[in-house]
Amino acid sequence: MKRLIIATLVLFGLSVGMSQAGSVYPEIPKATGEEHPEGNEYWRVNHMELLRHDRDLTMREGVRDTDASLAECVTCHAVNGPDAKPVTVKSEEHFCRVCHDYAAVKVDCFQCHNSVPPDLGEASLMFKDESETLDVLLAYIEGLSQ
Amino acid sequence: MNIPGLKPTGGCGGGCAGKSDANMKGADMHRRDFLKSGAAMATVTLAPGVTLMAMGSGVAAQANPDTRWGLLIDAGKCPSDCSACVTACSNEHGWEDHGEPTDPQWIRKVTLKDRATGRENSLPVMCQHCENPPCVDVCPTGASFKREDGIVLVDRHTCIGCRYCMMACPFKARSFVHHPVENQKVSTPRGNGTVEGCNMCVHKLDRGDGTTACVEACAATGNNAMIFGDLNDPESDISKALASYPSIELRSDLRLNLGVRYQNI
């Protein structure tokens, strides 16, 4: 009987411990838009490297249609607050802060960059022209089939 | 210290500069860089694990070394009561001048008076985009740099806010941001603790507008006191105007070869 009680207590303790361990990890908000072709795990580890390279391309050489841009990050990964508007980085619910708070790593990006999605009008002036990209792709596929 | 796009100014001479730049690019060339360096790329996933990439969507590096962007400002056409260019710049980039001595001023209206004759002149002054910029010479981190197409910029990623460039600039063209900034424009990220100044609307040039916010605003008022264009292109409006009429650069004694020139001062 004593053994049974101990076993029950141990099992109970384990289950409580495991459920608590699970809740310690941050719950990463779902993003809109397509998945990263490189995979989420890759981006979780390497996002700063990917962004750093593109920032230098844009800043120094004027290449604007880079693969990664912070404005696109915050657009896909926007988290809406109670007022149905995307929250800024001041909110603990902001996509970047969810993990960064957990890891105790300060984000400096948003001292200069906007942490909410840009206005659509403004954004379309920055990002690459979708139709142009599609044309190039179609031309390329045609070239392959010939 | 080699930074892509940063043209070395003096010191080691042309041959040495070209070599160091080539070395840097070779050493750091990863697969990802290679795919992106030549031209843009379009990617489509046909099936899991099968990716189709198309090279060259036509938009390559915008900072073209054959170009030198410049401005020609006719002070004779610039009324003293007009500040449309200043307002346009403020709206385009999101800086605000509330009249505090430390507020940012990317462009300002300056009044000149000839003491002998009493004749007054009003003209806008901004970063003059020197060919040999003193701000780039003094920057300890390489944050202040000149793009291949002659635009002098601050890379806020590496700016430490030391303000040497503000001291070095003969035109007081740069400002320091003293307060936290929120809700920045996507095309003009700017923030506390960094130096900033006129960037010749580099985002507009990169997307092919071929003009700046101040020049557009000046044309909209009908004064047409400003001409923007490529100084290296003999067929551009600005080159033709410069060839036809007398113009000066501010503080020509410093021999900085400015990208901004003035008429009728």
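## Two crossing helices

The crossing of helices α3(B) and α7(B) is right-handed; a crossing counts as right-handed if the near helix is turned clockwise from the far one by less than a right angle, and as left-handed if anticlockwise. The contact is made by B:Ala84, B:Cys85, B:Thr87, B:Ala88, B:Cys89 and B:Glu92 on the α3(B) side, and by B:Ala213, B:Cys214, B:Glu216, B:Ala217, B:Cys218 and B:Thr221 on the α7(B) side. Here two residues are in contact if their C-beta atoms, placed from the backbone, lie within 7 Å. By class, this contact has 8 nonpolar, 2 polar and 2 charged residues. Ala, Val, Leu, Ile, Met, Phe, Trp, Tyr, Cys and Pro count as nonpolar, Asp, Glu, Lys and Arg as charged, and the others, Gly among them, as polar.

Helix α3 covers residues 84–93 of chain B and helix α7 covers residues 213–221; their axes come within 8 Å and cross at roughly 135°. Axes are lines fitted to C-alpha atoms, for helices over the stretch in contact, with angles from 0 to 180 degrees between N-to-C directions.

## The model and the chain

This is a predicted model, in which local features need pLDDT of at least 70 and side-chain atom pairs count only at pLDDT 80 or more, while totals for chains, interfaces and linings use all residues. Residues are numbered from 1 along each chain as its sequence is written, and chains are lettered from A and ligands numbered from 1 in the order in which they are written.

Chain B has 8 helices and 11 strands. Helices (H or I, at least four residues) and strands (E, at least two) are DSSP runs, numbered from the N terminus. Of the 265 residues of chain B, 37% count as buried. A residue is buried if 20 or more other C-beta atoms, placed from the backbone, lie within 10 Å of its own, exposed if 12 or fewer, and partly exposed in between.

## An open sheet

In chain B, 3 strands form an open sheet in the order β10-β3-β11, with mixed pairing. Strands β10 (226–230) and β11 (260–263) stand at the edges with a single partner each, so one side of each has no neighbour in the sheet. The twist averages 20° from one strand to the next.

Strand β3 (residues 69–74) pairs with β11(B) in the parallel sense over 4 bridges. Two strands pair if DSSP finds at least two bridges between them. The bridge partner of B:Leu72 in β11(B) is B:Arg261.

## A hairpin and its residues

Strand β4 (residues 107–113) of chain B and β5(B) pair in the antiparallel sense over 7 bridges. B:Ile107 has B:Met126 as its bridge partner in β5(B). The hairpin of these strands has 6 residues between them, and B:Gly118 takes a positive phi near 85°.

B:Val125 lies in strand β5 (residues 120–126). With 19 other C-beta atoms within 10 Å, B:Val125 is partly exposed. Its C-alpha atom is separated by 5.7 Å from that of B:Ile107, 18 residues apart along the chain. Leaving aside neighbours within four places in sequence, B:Val125 is in contact with B:Arg108, B:Val110 and B:Phe171.

## A residue in helix α6

B:Lys204 is placed in helix α6 (residues 202–206) of chain B. This residue is partly exposed, with 19 other C-beta atoms within 10 Å. Leaving aside neighbours within four places in sequence, B:Lys204 is in contact with B:Asp209, B:Thr211 and B:Thr212.
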